[in-house]
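Visitor: Hi, could you walk me through this one? I'd like to start with the overall picture and then go into the details.

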Amino acid sequence: MIRILIVLTTLSSISLSSSIDAIGLTRVAAIRVSFTVDNNPGTTGDGTFLYNAPIDTCGQYTIDPVPHNRSYFESQLLAVSNYFKSVSYNNFGIDIDNSIVFPTGEQDSYIVPYEMDYYHPFNEDEIHDERITELFRDAVETAYNIDSIDFSLFDHIVVFHAGIGQDFTLPFLDPTPEDIPSTFVDQSMLEQYLGGTLQISNTVINQGIILPETQNHLFFEESENIFLNANEPCDFQYGLTGTFALMLGFAIGLPPLWDTDTGQSGIGIFGLMDQGSNNGRGLIPSPPDAWTRKYIGWENSTNITPPV
C-alpha cells in the first residue's frame, strides 16, 4: 500500500505522455554531433569525440572503451534493444535493421555552431532547458542540411554528443559543471523554446533524446583532478546503457517514479524509471517495476480476493 501511494504521488508531478509506444520494434536515427573545438575548463574534453584514450584506463575492466566511432554507437543501440527485449518479454525493442547511426563514416560527426559550454552555461539555470532544446534543434538541422536525412523513416531521434554527461554526483569535486545533462526533449520544451514542434522538410518532430558519448570520466584528462584522492578510480566507471534506457523509457511513455519537482526518490534502485538505471555501473539497469510493466502493457494482472 505504501509503495503504491509513493508511485501515485510522484506521477502527479509530471504530465504523462498522451500515447504509449512500448509495443513492437522502434526505429532510431542516431545523430553524432561534436562542437567547435575549445579549451574551456568548465567542460570535459575539447568538444570532439574520443577515438584514442589519452591514458590506459582500467585494462580489461574498462567500461565503454574507445574508439567511440560509428560501430561503438551501433553497439549502444544493440545493448539497449537487448535490454528492452529482455524486460518486456520481447514486446518491445529497437529495430536494429532499420535504425541508422549518422553520419555513416566511422569517425565522422556533425559539428554544431557553438562550443559545448553554450548549451549548458554555468550558473544560468533559467536558460538551461532552452539551450539544451537548441542543441537538439541544431543537431537535427545540421544533420539534415549535410545528409538530407529522411526523418520520416524513424520513430525516435537520439543525439549523441561528444563529451561526458552531467548526470552523476561523484564523491569528489566536479570541475566541469558545464557538461551537458542527458535529456528527454519533449513536445512542451519544443513548444516553449522553439515556438512549436520542429519541422524538417515535410517531417514534424515532436520529441528527442540527448545523450553523451560516454559516462566514463576516466577517458578524459580532467579525471586526474576529479579522482585525485580516490584509491580506486576504476570503481567510479559508469556505462551509457542505463542512461540510454532511462531516456528511451521516457520517449515511449514510461512515467518517472521520482518527484521531478523535489528530486525525491520514489522506488529507488528497484526500477528503471528511478535510480535503477544506474545499477551495475550503468551496465545492468534494473527492469521497470511491476506497476510500470502493467501500465505499458507488458504484464497482465490478476485480482486476488481474500477469503471471507
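Visitor: How much of the chain is buried?
Guide: Of its 308 residues, 51% count as buried, meaning under 20% relative accessible area, with exposed being over 50% and partly exposed in between (1.4 Å probe, protein chains only). Please keep in mind that this is a predicted model, where local features need pLDDT of at least 70, side-chain atom pairs count only at pLDDT 80 or more, and totals for chains, interfaces and linings use all residues. Residues are numbered from 1 along each chain as its sequence is written, and side-chain values use heavy atoms, with hydrogens and water left out.

Visitor: OK, and what does the secondary structure come to?
Guide: Seven helices and ten strands. These are DSSP runs numbered from the N terminus, helices being H or I with at least four residues and strands being E with at least two.

Visitor: What's the radius of gyration?
Guide: The chain has 19 Å, which agrees with the value near 19 Å for a compact globule of 308 residues. That radius is taken over C-alpha atoms, and the globule rule is 2.2 Å times the number of residues to the power 0.38. Along the principal axes, the C-alpha trace spans about 70 × 55 × 40 Å.

Visitor: Let's go inside. Which residues have the most contacts in the largest nonpolar core?
Guide: Phe84, Phe136, Val140, Phe151 and Leu248, in a core of 66 residues. A nonpolar core here is a set of buried Ala, Val, Leu, Ile, Met, Phe, Trp, Tyr and Cys residues joined through side-chain atoms within 4.5 Å. There is also a second, separate core of five residues, including Cys58, Ile226, Phe227 and Ala230.

Visitor: What is Val140 in contact with?
Guide: Leaving aside neighbours within four places in sequence, Val140 is in contact with Ile31, Phe151, Ile157, Leu198, Ile200 and Ile205. Contact means heavy atoms within 4.5 Å.

Visitor: Which residues of H3 are buried?
Guide: Val140 is one of them, and the others include His128, Arg131, Glu134, Phe136 and Asp138. Helix H3 covers residues 128–147, and its end C-alpha atoms are 29 Å apart, which agrees with the 28 Å that its 20 residues should span at 1.5 Å a residue. The expected span is 1.5 Å times one less than the number of residues. Just after H3, Ser148 takes a positive phi of about 50°.

Visitor: Switching to strands: which way do the residues of S2 point?
Guide: Val28, Ala30, Arg32 and Ser34 point one way, while Ala29, Ile31 and Val33 point the other way. Seven of the seven residues of S2 (residues 28–34) are buried.

Visitor: And which sense does S2 pair in with S6?
Guide: Parallel, over six bridges, with S6 being residues 156–164. Ile31 has Val159 as its bridge partner there. S2 also pairs in the parallel sense with S4 (residues 100–102) over three bridges, where Ala30 is partnered by Val101. With S5 (residues 110–111) the sense is parallel over two bridges, and Val33 stands opposite Tyr110. Two strands pair if DSSP finds at least two bridges between them.

Visitor: One last spot. Is Ala22 buried or exposed?
Guide: Ala22 counts as buried because its relative accessibility is 1%. Ala22 lies in the loop between helix H1 (2–11) and S1. Not counting residues up to four places away in sequence, Ala22 touches Asn91, Phe92, Ile252, Ile296 and Trp298.
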